[in-house]
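Trainee: Please take a close look at a single part of this model, the place where the two chains meet.

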Amino acid sequence: MNEKDRLEQLFSLFYSQNASAKEIDEFFRLIEDVPNEVLEALAHKYFEAGKEQELLFPSQLRERLYAKIIDVGNIPAPDGDRNNFIRHFARFGWAAAVIAAILIGVLLYPWTGRQGRDGTLADAANKHQHYLKDTSAVQVHGTADTVGSALAESVINVAELTRLSGVTDGFSTITVPYGKRSELMLPDSSKVWLNAGSQLTIPNEFDASNNEVFLIGEGYFEVSERKTTPFYVRTADMYIKVMGTSFNVSAYPDDGYTSAVLLSGKIEIEPASTLDFQNIAIAPGTSAMLNRTDKKLKIQRVTAEDEISWTKRQLILKNTQLSEILTRLSRIYNAEIVDDFGRDSAVTFSGKLDLTMPLTDVLKIIYDSNGEYQINQIEGRYVISK
Amino acid sequence: MAAQPFKEEHKLLKRIAEGDERAFSQLFDNYYRTLADFVFRLTGSLEVAEEIVQEVFVKIWEKRDELLKIKKIGDYLFILCRNRGVSYLRQRARDYMRLRAYAQSEINEIELENHHLARTERLYVIIEQAICALPSQQQKVFRLAKLNHFSHAEIANQLSISVETVKKHMKLALRSIRESVKENEYAINSILILFLWFFSCM
């Protein structure tokens, strides 16, 4: 590949926020000798090409940004919005009031229901999703900026973090990057363990009436008992209604399924607004797994403790396929694992893996039963070959 | 989805030229997100995206007398953002190279195994990103001190703050950078220790 093509390739990765550290390094080095016109042309091309894609810039920043422009540009505000409203109101009298009341009712309606609130929660979650690629530290993002970083080892107290940020409305997202694992305490003292490459979005005003969280990735929840109002865990395709219980939810965007496993208590599975299946309550020791391809929900008995082994830094395998093991390991260790060994990826394994060991040692355990092999590690890339 | 141009753009621009704030806010609402998203992708920084979009709209307001000469306001706004974004990206790359060269010279003095050296690029990028994530004043102070080699007194003078404040900013900046590095390297290795040392006496 010549330098020009390589530059474009790196530009495209950087622009789509998919560049690895190594690629960023190479990109920055290449830029030095490239004239502005070339970069401008690339910027133009990718802007045009990306017109249909999702906007990463959060719309919540709108007010702040506009206020700054008004301030810096010394732009006079219009002569009182509210006065205008009162004038019109007086002119049209009560008819206007009735129409206004109905209009407000109609406008508010979609947001008052559970479904509606899910929209804004899900919006916030989606807006923060890029942090999974952006940060390599456990971080909390509020409506606007980073609220803070947390050490992966300590329990993150969500109430404390949002209090420090001074934000009282909107949502915060806790991002646990690949290679990390985190434990959180929610304002109602419920506990959540977040696995590698996961995000949890929660309302900053977390209370009895506003207690829905949105999960991307995998989390194990121990929800304190609630007598009246349920707690909801939302994922892109499955809603889980909780009355005080412990359960595991796995909803990685790159997996073919979303699953919930109940350990104790009671949960109810509901379809997201885009899907259509019967609400169903599941019993302890069972899992509800939604296949994203055929959109079918499957209920089966499982050994629930195995499903949450990751919270204890273990991975318990029971006839688990090699391909799935490698996917999980690459998330946990934030590594790319390449199997050049040519093994059938449908081959299954059973046993327990200790995740406190280095990845090379874990891989050795898996491949040792196969005689000759070697593992080459370059940075975060592990290649297994004969 | 990207912004669609207005149907009656000319009328809107005319109202802005006459000093109508409401028309200005309409223009802003139609374009700001597409532009900010673009600058964010181009520069990798939300803060810079906000800054550039702010600058561009303030400029539009200040030059509102000349607005009617512009045929396609969307293209015009884009070009203003693009040029600023590209020049920021270049600046960022230049700073990165300076940081890299500096760190490299420190590393070269100590012999390291090859596979450790291979990890250093990741660390440069982590450090560079940590610097970019610093609050703006801290970042300014840190860049002037470490990448432009100004003394604390010179920085204090330049930013009209006290030397004590400069020192405080430096301390906080170094602490956050060190924490990012620590956070990122789940497997402690000799490079990490080296870097922590490097940042403590830099």
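Mentor: Chain B and chain A bury about 5600 Å² between them, with 61% of that area on carbon and sulfur atoms; buried area is the accessible area (1.4 Å probe) that two parts lose on being put together, summed over both. This is a predicted model, in which local features need pLDDT of at least 70 and side-chain atom pairs count only at pLDDT 80 or more, while totals for chains, interfaces and linings use all residues. Residues are numbered from 1 along each chain as its sequence is written, chains are lettered from A and ligands numbered from 1 in the order in which they are written, and side-chain values use heavy atoms, with hydrogens and water left out.

In terms of residues, 64 of chain A are in contact with 50 of chain B, where contact means heavy atoms within 4.5 Å. Four salt bridges are found across the interface of chain B and chain A; the rule asks for a side-chain nitrogen of Lys or Arg within 4 Å of a carboxyl oxygen of Asp or Glu. Arg82(B) and Glu40(A) form a salt bridge through their side chains, at 3.6 Å from N to O. Between chain B and chain A, 12 residue pairs are in polar contact, both residues at pLDDT 80 or more. A polar contact is a pair of N or O atoms within 3.5 Å; within protein, one must be able to donate a hydrogen and the other to accept it, and residues adjacent in sequence count only if both atoms are side-chain atoms.

The side of chain B that touches chain A draws at least two residues from each of helix 2 (21-43), helix 3 (46-62), helix 4 (73-108), helix 6 (120-132) and helix 9 (163-184) of chain B. Helices here are DSSP runs (H or I, at least four residues), numbered from the N terminus. Helix 2 of chain B gives the most to this side, with 16 residues. By residue class, the side of chain B that touches chain A has 25 nonpolar, 17 charged and eight polar residues. Ala, Val, Leu, Ile, Met, Phe, Trp, Tyr, Cys and Pro count as nonpolar, Asp, Glu, Lys and Arg as charged, and the others, Gly among them, as polar.

Within chain B, helix 4 holds Gly85(B). Gly85(B) is buried, with a relative accessible area of 0%, where buried means under 20% (1.4 Å probe, protein chains only). Gly85(B) touches Leu42(B), Thr43(B) and Ile52(B), leaving aside residues up to four places away in sequence. From Gly85(B) to Val39(B) the C-alpha to C-alpha distance is 5.8 Å, although 46 residues separate them in sequence.

How values were computed:
Buried < 20%, exposed > 50% of the residue type's maximum accessible area, 1.4 Å probe, protein only.
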